[in-house]
Amino acid sequence: MELVTHHGRDTAYRVSDRGGDGPTVCFVHGSGGSKDIWKAQARVSDRFPVVALDLSGHGDSGDLDDSSHLDDIESDTGDSDTTAAPGALDAYADDVVAVAEETGATVLCGNSLGGAVALWVALERDLALDGLVLAGTGAKLAVAEPLRDALANDFAEAIDLLHEPDRLFHDAPPEYVQLSRAGMRDCGRAVTERDFLTCHAFDVRDRLGEIAAPALAVVGEHDALTPVEYHDYLADGIDDCERAAIEGAAHLAMLERPAAFNAALAAFCSRISTAST
């Protein structure tokens with residue numbers, strides 16, 4: 001594990017490089033997650049270096065000291081203030097930019113909230129990007145009221161809701177589900193709620209045409225949280241964007257079906273590498 005210090009906090013990341021000469025890929029986890037969900041993606045580091053980070057308040061990273069970015073977010077069952085949550089989004093984008101600049105990463109691969117962060121970096125940050133991989137995410141990420149209510153009032157229920165069939169997993173081994181539940185508990189209710197409220201406020205549907213980098217929208221075929229049509233929308237709205245579906249997977253396709261996910265990722269990285277030479 002390595003650390004980069006920026007904006008008064010430390011962001012943790014892990015690098016795997018087994019001599020790959022393709023573009024360095026920076027992986028960004030989703031709500032209540034950590035860099036550990038990307039462990040299987042280290043298998044492709046013989047083709048291109050991979051970096052996985054912990055967003056602020058997750059895993060081994062420090063949290064945000066200034067909570068002003070959350071001042072207007074409501075914690076009850078009502079809608080969050082759509083002008084407030086981008087403050088947390090900006091902080092997460094700063095984490096990604098700091099790690100990408102430290103490691104030379106030029107491809108961002110984000111899952112769910114991480115996909116929103118990747119899109120935000122592409123739209124709002126001056127970071128040279130060769131590509132975007134948008135996995136289990138969307139241009140708008142509204143969170144259903146029952147989940148928002150559970151996150152505010154009953155964290156155990158929220159974890160149960162997320163682990164219902166075809167949400168995070170389709171047919172994963174029980175130990176994967178147990179690890180996912182434990183990871184979310186370790187992240188804690190406050191940070192996980194912050195993540196989902198940030199997702200709920202996220203909406204860049206009218207800005208997809210501004211994205212210049214080639215993109216891949218990849219989705220588990222059974223994903224009920226960010227379904228296939230979300231990724232069709234990304235593919236239609238971004239000028240250079242392909243869509244790939246991972247059979248037998250739901251929201252965490254990179255964990256549930258790593259071989260198929262890695263194959264789609266490697267094919268995309270090979271395509272953008274060829275295009276740049």
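In which sense do S3 and strand S4 pair, and over how many bridges? They pair in the parallel sense, over four bridges. Before I go on, please keep in mind that this is a predicted model.

Let me stay with strand S3, residues 25-28. Its other partner here is strand S5, residues 107-111, again in the parallel sense and over four bridges. Val 28 can be followed into both neighbours. In S4, residues 50-53, Val 28 stands opposite Leu 53. In S5, the bridge partner of Val 28 is Gly 110.

Are the faces of S3 covered or open? Both are covered. Val 25 and Phe 27 are buried on one side, and Cys 26 and Val 28 are buried on the other.

Ser 112 lies in the loop between S5 and helix H2, residues 113-124. Most residues other than glycine have a negative phi. Ser 112 is not a glycine, yet its phi is positive, about 60 degrees. Ser 112 is also buried, because its relative accessible area is 11% and the cut-off for buried is under 20%.

There is a second case. Asp 166, in the loop between H4 and H5, has a positive phi near 65 degrees. Its relative accessibility is 23%, so Asp 166 counts as partly exposed.

Next, helix H3. Its buried residues are Leu 147, Arg 148, Ala 150 and Leu 151. Why do they fall on the same side of H3? Because they cover an arc of only 165 degrees around the axis. On the other side of H3, Pro 146 and Asn 153 are exposed. The cover over the buried residues of H3 includes H4 and H6.

Last, the largest pocket. It holds about 1,100 Å³ of space. Its lining is made up of 48 residues, and the closest to the pocket centre are Ser 31, Gly 33, Ser 180, Met 184 and Leu 252. The elements that give two or more residues to this lining are helix H3 (145-153), helix H4 (155-162), helix H5 (174-187) and helix H6 (189-201). Which of the elements gives the largest share? That is H5, with eight residues. By type, the lining divides into 24 nonpolar, 15 polar and nine charged residues.

How values were computed
Residues are numbered from 1 along each chain as its sequence is written. This is a predicted model: local features need pLDDT of at least 70, side-chain atom pairs count only at pLDDT 80 or more; totals for chains, interfaces and linings use all residues. Side-chain values use heavy atoms; hydrogens and water are left out. Buried means under 20% relative accessible area, exposed over 50%, partly exposed in between (1.4 Å probe, protein chains only). Two strands pair if DSSP finds at least two bridges between them. On a 1 Å grid over the protein atoms alone, a cavity is a set of points where a 1.4 Å probe fits but cannot get out, and a pocket is an open set with protein on both sides within 12 Å along at least five of seven lines; lining residues have an atom within 4 Å of a point. Grid points are joined across faces, edges and corners, and a volume is the space filled by probe spheres set on the points. Ala, Val, Leu, Ile, Met, Phe, Trp, Tyr, Cys and Pro count as nonpolar, Asp, Glu, Lys and Arg as charged, and the others, Gly among them, as polar. The arc is that of the directions from the helix axis to the C-beta atoms. Contact means heavy atoms within 4.5 Å.
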